[in-house]
Amino acid sequence: MSYNKGSKALTAKVHAMYGRKLTRQNYRELVRKQSVNEVAAYLKQQTSYGPLLREVNENLIHRGQLENILKRDLFNQYMKVFHYVSSGEMEFYKFLIMRMEIDEILFCIRLLNANREEEYLLSLPSFFADHASFDLYGLAKVKNFDDLLKLLKPTQYYDILKKYDPSAGEKIDIIRIEIEFNKLYYSRIFEIIDRTFSGKVAEQVKNSFGMMIDLSNITSIIRLKKYFDAKRDYIEKLLLPFYFKVKPKELRAIMEANDANAAWLAACQTYYGTAFKKYDFEYIEKYSHQIMYHYHKQLLTFTDSAPVAVVSFLQLEDIEIKNIIHIIEGIRYGLAPSEIEKLLVGVED
């Protein structure tokens, strides 16, 4: 299909936004801070996050507030995209909104299961309220599963949730709900890609989301084997039923491995083996993100396609936010700077 006249402008805008990312030197200095307040002060004074933190008192900020500010920054940049998008592509570009809706619902359910539902209001992302398909502030009023069902009845999430209405006194089956939500999310994305794009653009955008699925499945298998000695029949129910670079036969081999180390060796025989062989399975989450980082950085560097640029940029920005959160957590638990650096992705650039 032909692209709207704003496509080149959007691609240029995305490249400009990526130019404000944290540098290796920024990370070196951040890992040596002693508190969340010092991290906030550095971000405010020395990085492109300064304008976002201008009205914030870094001496009073806590971790939850800083995380929300970082997420708001990502969302604000994402919203700038819509000024350049044609009506024919608009449906695709709403994928982040659906992801955020799912994350907020799942967070609300976790609080319900922990009998801490009143805490939702403290972390509610108010910047997102006008864009959600349901009353986000309504989640702060949810006291039980019935309240949640009533709130979400008009949405695409209701049919999944109603299947998991717990019996009295039981916890909500958040694992199954999250799996089904993710199936819904990726199914909708691939349907929209097929309707909206074609050729190389469709292939690259699909590969981006497909890589997320592949690496998520591999990571889940290895974690389940490492921590729970899980077997194939149990694992298979928890995986996303989509296949891209990792074929069904290869995924079965990883699931049927005797332990986490054997599963890792089986994963090293897949498309991602060249990257995996550099590491060991102890840091599987980091190395999955490392693969995503290098793939999307290369895509963003060379693409002239707006959809590819936007997807790549959002993946890279999400990794940067995760890096900052890892730094905050590392400082909180008293880790040495060298140990915190081991948790970070893409800082060698």
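Mentor: Gladly. Let us begin with the largest cavity, which is lined by Tyr18, Lys21, Leu22, Tyr27, Tyr293, Leu316, Glu317, Ile319, Glu320, Asn323, Val345 and Gly346. This is a predicted model, where local features need pLDDT of at least 70, side-chain atom pairs count only at pLDDT 80 or more, and totals for chains, interfaces and linings use all residues. Residues are numbered from 1 along each chain as its sequence is written, and side-chain values use heavy atoms, with hydrogens and water left out.

Trainee: What makes a space a cavity and not a pocket?

Mentor: On a 1 Å grid over the protein atoms alone, a cavity is a set of points where a 1.4 Å probe fits but cannot get out, while a pocket is an open set with protein on both sides within 12 Å along at least five of seven lines; lining residues have an atom within 4 Å of a point. The structure holds 1 cavity of 30 Å³ or more, and the largest cavity has about 100 Å³ of space. Volume here is the space filled by probe spheres set on the points, which are joined across faces, edges and corners.

Trainee: Which helix gives the most to the lining of that cavity?

Mentor: That is α18, with 5 residues. Helices (H or I, at least four residues) and strands (E, at least two) are DSSP runs, numbered from the N terminus.

Trainee: What about the second largest pocket: how much volume does it have, and which element gives the largest share of its lining?

Mentor: Its volume is about 260 Å³. The largest share of the lining, 5 residues, comes from α17. Among the lining residues are Met211, Tyr271, Lys278, Gln290 and His294.

Trainee: Why is glutamate 180 called buried?

Mentor: Buried means under 20% relative accessible area, exposed over 50%, and partly exposed in between (1.4 Å probe, protein chains only). Glutamate 180 has 18% relative accessibility, so it counts as buried. This residue sits in helix α11 (residues 174-196). Leaving aside neighbours within four places in sequence, glutamate 180 is in contact (heavy atoms within 4.5 Å) with Ile160, Lys163 and Tyr164.

Trainee: And how do you know whether arginine 252 is buried, partly exposed or exposed?

Mentor: Its relative accessibility is 33%, so arginine 252 counts as partly exposed. Arginine 252 is found in helix α14 (residues 248-255). Its C-alpha atom is separated by 7.7 Å from that of arginine 232, 20 residues apart along the chain.

Trainee: What makes a group of residues a nonpolar core?

Mentor: A nonpolar core is a set of buried Ala, Val, Leu, Ile, Met, Phe, Trp, Tyr and Cys residues joined through side-chain atoms within 4.5 Å. The largest one has 131 residues, of which Leu66, Phe92, Phe209 and Phe276 touch the most other members. Helix α18 (residues 306-332) gives the most to this core, with 15 residues. Setting aside neighbours within four places in sequence, leucine 66 is in contact with residues including Val36, Leu43, Ile61 and Ile328.

Trainee: Why is the pair of phenylalanine 75 and phenylalanine 127 called tilted?

Mentor: Rings of Phe, Tyr and Trp (its six-membered ring) pair if their centres lie within 6.5 Å; planes under 30 degrees apart count as stacked, over 60 as edge-to-face and the rest as tilted. Here the centres are 5.6 Å apart and the planes stand at 50°, so the pair is tilted.

Trainee: What kind of pair do tyrosine 185 and tyrosine 186 form?

Mentor: An edge-to-face one, at 5.0 Å centre to centre and 70° between the planes. Tyrosine 185 has a relative accessible area of 3%, so it is buried, and tyrosine 186, at 8%, is buried too.

Trainee: What lies over the face of tyrosine 185?

Mentor: Arginine 99 does, at 4.8 Å from the ring centre. A charge sits over a ring if NZ of Lys or CZ of Arg is within 6 Å of the ring centre and within 35 degrees of the ring normal.
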